[in-house]
Amino acid sequence: MFIRTTNPVSHRLARMAFIMACVAALIVAAAGPMHRYVGLGIEPAFALFRYGFYVAVAAVALGLATILPTRPGDRRRGFVAAFLAVVVGAAAAYAPLTWFLRAQRSPELNDISTDISNPPPFVMALQLRRGASNPAAHPGAEAGALQRAAYPDIVPVTLPVPPAEAFKRVDAAAVAMGWDVVARAPGEGRLEAVATTAWFGFRDDIVVRIRAEGTGSRIDIRSKSRDGRSDLGVNARRIRAFIARLKEG
């Protein structure tokens with residue numbers, strides 16, 4: 001026998017909230033692959049990402065609004081849908097919200113170097129960066145001062161080994177980081193690589209310079225995004241991770 005629910009409106013709204021949450025999750029998840037594999041431009045991909053966040057927030061709000069009216073008992077229906085709308089919507093909103101918060105905390109930089117006054121120059125990457133929105137040249141003293149204030153720990157590394165041995169350590173560390181090494185020039189003390197992010201497929205270029213310093217070697221690392229005014233702190237975190245791995249070796 002069919003039992004009519006006592007809350008048909010809230011039941012329908014709860015189901016709508018769940019559908020919205022699922023759509024939001026699909027939109028957010030698809031933004032990266034659409035840019036990386038389908039060729040969707042950066043701006044449209046970010047717009048898709050942003051709108052997915054808006055839909056997710058709306059789904060969470062609607063889910064919260066319907067949780068109480070759909071609570072179990074008295075032939076009420078829709079509680080599970082409302083609960084899942086909150087859970088799925090919150091999960092969908094997490095990544096865009098994290099990116100937004102990082103953007104608020106991170107300086108507007110996309111080129112980070114351990115040597116601000118004389119950054120290691122790109123050689124092979126000059127060819128690879130054709131069509132990139134960010135030029136290969138270092139942005140200059142103003143960006144350097146901004147970096148110094150934001151990331152005072154990004155400084156050159158000194159290894160107590162000659163340059164030839166230091167180059168081997170740099171090469172091993174770059175491979176261990178999962179970078180695509182595109183140039184090895186031990187005679188010039190230079191290694192270049194490309195790091196690709198897993199989700200959006202953003203490509204950042206890296207150059208490492210090895211020079212003799214006393215009886216040891218000085219290592220300078222530079223990491224620069226091909227696109228985007230702000231890297232959300234990615235390049236600084238990459239350099240920190242590389243330095244830590246280099247010191248371990």
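## Basis of the model

The model is predicted, with local features requiring pLDDT of at least 70 and side-chain atom pairs counting only at pLDDT 80 or more, while totals for chains, interfaces and linings use all residues. Residues are numbered from 1 along each chain as its sequence is written, and side-chain values use heavy atoms, with hydrogens and water left out.

## Fold and dimensions

The protein has seven helices and six strands. Read from the N terminus, the order is α-α-α-β-α-α-β-α-β-β-β-β-α. The radius of gyration is 25 Å, well over the 18 Å that the globule rule gives for 249 residues, so the protein is more spread out than a compact globule. That radius is taken over C-alpha atoms, and the rule is 2.2 Å times the number of residues to the power 0.38.

Along the principal axes, the C-alpha atoms fill a box of roughly 90 × 35 × 30 Å. Of the contacts with a separation of 6 or more, 68% are between residues 24 or more positions apart; a contact means heavy atoms within 4.5 Å.

## Surface and charge

Of the 249 residues, 44% count as buried. Buried means under 20% relative accessible area, exposed over 50%, and partly exposed in between (1.4 Å probe, protein chains only). The accessible surface comes to about 13,200 Å², and carbon and sulfur atoms hold 62% of that area. Areas come from the Shrake-Rupley method with a 1.4 Å probe; for residues, only the protein chains shown count as cover.

There are 31 positive and 19 negative side chains, and the centres of the two sets lie 12 Å apart. Lys and Arg count as positive and Asp and Glu as negative, without His or the chain ends. Each charge is placed at NZ of Lys, CZ of Arg, CG of Asp or CD of Glu.

## Asp115

Asp115 sits in the loop between strand S1 (111-113) and helix H4 (125-128). Asp115 counts as buried because its relative accessibility is 7%. Its side chain reaches the backbone nitrogen of Asn118 at 2.9 Å, and a polar contact of 3.1 Å joins the side chains of Asp115 and Arg218. A polar contact is a pair of N or O atoms within 3.5 Å; within protein, one must be able to donate a hydrogen and the other to accept it, and residues adjacent in sequence count only if both atoms are side-chain atoms. Beyond neighbours within four places in sequence, Asp115 is in contact with Arg209, Arg211, Arg218 and Asp220.

## Leu232

Leu232 lies in the loop between strand S6 (216-225) and helix H7 (234-248). Its phi is near 60°, a positive value in a residue other than glycine. With a relative accessible area of 17%, Leu232 is buried.

Conventions. Helices (H or I, at least four residues) and strands (E, at least two) are DSSP runs, numbered from the N terminus.
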